[in-house]
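Subject: Structure for you to look at

Hello,

Here is the structure I said I would pass on. Please open it alongside this email and follow the notes below.

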Amino acid sequence: MTVHPSLQTYADAWTHSIEAIAELVQPLVEGEWNRRTPCPGWSVRDIVSHVIGLDCEMLGDPRPIHSLPRDLYHVRDDHTRYMEMQVDVRRHHTAPEMTAELEYTIIRRNRQLRNENRAPETMVRAPLGTEQTLETAMRMRAFDIWVHEQDLRSALNRPGNLDSPGALVARDVLLSALPKVVAKDAGAPPHSAVVIDVSGPVEFLRTVRVNAEGRGSIDGSPSLGPVVTLATDWESYFRLACGRVRPAAVEDRLKVDGDQELAEAILRNFAVTP
């Protein structure tokens with residue numbers, strides 16, 4: 001048996017990004033593991049620890065029993081506390097320990113994916129003791145791994161893979177969150193439309209439409225009279241949507257037409273990753 005066709009896209013994207021990460025960190029000397037990344041509070045080592053930890057959880061490994069220090073400013077709630085556990089437990093690991101564990105985790109996960117015969121709707125464990133479908137779990141791993149690959153590339157000044165399979169998964173995950181950002185979080189008025197126009201390695205034009213009840217939906221057809229049009233490049237788009245930069249930091253790469261107040265509210269609420 002092989003992985004279900006609807007899961008293959010996510011398996012391929014995960015493989016592409018995890019191999020890129022392994023290649024990026026393999027030659028690093030000890031000091032480079034401590035470089036800051038755009039991911040708040042996390043170094044290169046922390047990102048790799050997080051990647052290892054979550055893939056170990058996908059393998060069914062037990063979570064570490066570990067007490068977190070109280071002075072981690074970026075740990076604000078149950079979700080960030082949950083994510084920090086796999087990171088903090090590896091904070092004093094050496095470079096060879098990190099690369100060896102990453103390599104071993106990749107081997108184990110590749111074997112798991114080769115032998116994966118569960119249906120996409122199978123329920124599997126999710127963060128914080130909840131459950132999600134296997135399809136959701138694999139989609140979110142492919143998304144997460146690609147975003148963290150980009151964090152590492154930014155920290156190490158090694159740009160690339162902005163149009164890789166993982167980038168396309170990230171586009172779809174981020175776009176699925178846009179109707180809530182526009183309609184609920186930013187409060188776009190009923191019967192209005194907001195156009196997002198993104199250029200670069202991954203380009204797309206999407207319209208978020210708000211219906212009479214104030215609910216948002218998204219499609220690929222242009223709007224004749226949008227209340228706001230936001231245009232930017234792909235790198236700025238995903239960095240904003242993943243909370244890696246604030247709108248002011250990429251102001252020169254953002255073009256806003258229409259209702260400025262609503263545009264500012266959309267940009268204030270643009271980050272959708274927890």
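Strands β3 and β4 form a hairpin with four residues between them, and G200 in that turn has a positive phi of about 115°. Helices (H or I, at least four residues) and strands (E, at least two) are DSSP runs, numbered from the N terminus. This is a predicted model, in which local features need pLDDT of at least 70 and side-chain atom pairs count only at pLDDT 80 or more, while totals for chains, interfaces and linings use all residues. Residues are numbered from 1 along each chain as its sequence is written, and side-chain values use heavy atoms, with hydrogens and water left out.

The strands

Two strands are said to pair if DSSP finds at least two bridges between them. β3 covers residues 193-199 and β4 covers residues 204-210; the two are antiparallel and share six bridges. Within this pair, D197 stands opposite L205, and V198 has F204 as its bridge partner.

β4 also pairs with β5 (residues 216-219), again in the antiparallel sense, over four bridges. Here V208 is bridged to I218. The hairpin of β4 and β5 has five residues between the strands, and G214 in this hairpin takes a positive phi near 85°.

Which strand runs parallel to β3? That is β6 (residues 228-233), joined to β3 by six bridges. In this pairing I196 of β3 stands opposite L230 of β6.

β3 is mostly covered, with five of its seven residues buried. Buried means under 20% relative accessible area, exposed means over 50%, and partly exposed is in between (1.4 Å probe, protein chains only).

The loop between α5 and α6

α5 spans 134-156 and α6 spans 165-176, and P159 is found in the loop between them. Is P159 buried or exposed? It counts as exposed because its relative accessibility is 70%. The C-alpha atom of P159 is 35 Å from that of S67, and these two residues are 92 positions apart along the chain.

N157 is in this loop as well. Its phi is positive, about 55°, although N157 is not a glycine. N157 has a relative accessible area of 63%, so it is exposed.

N161 is another residue of the loop between α5 and α6. The phi of N161 is near 55°, a positive value in a residue other than glycine. At 23% relative accessibility, N161 is partly exposed.

The whole protein

The protein has nine helices and seven strands. Its C-alpha atoms fill a box of roughly 55 × 45 × 35 Å, taken along the principal axes. The radius of gyration, taken over C-alpha atoms, is compared with a globule rule of 2.2 Å times the number of residues to the power 0.38. For 274 residues a compact globule would be near 19 Å, so the 20 Å of this protein agrees.

Of the 274 residues, 48% are buried. Contact means heavy atoms within 4.5 Å. Among contacts with a separation of 6 or more, 66% are between residues 24 or more positions apart.

The accessible surface comes to about 13600 Å² (Shrake-Rupley method, 1.4 Å probe), and 51% of it belongs to carbon and sulfur atoms.

Regards
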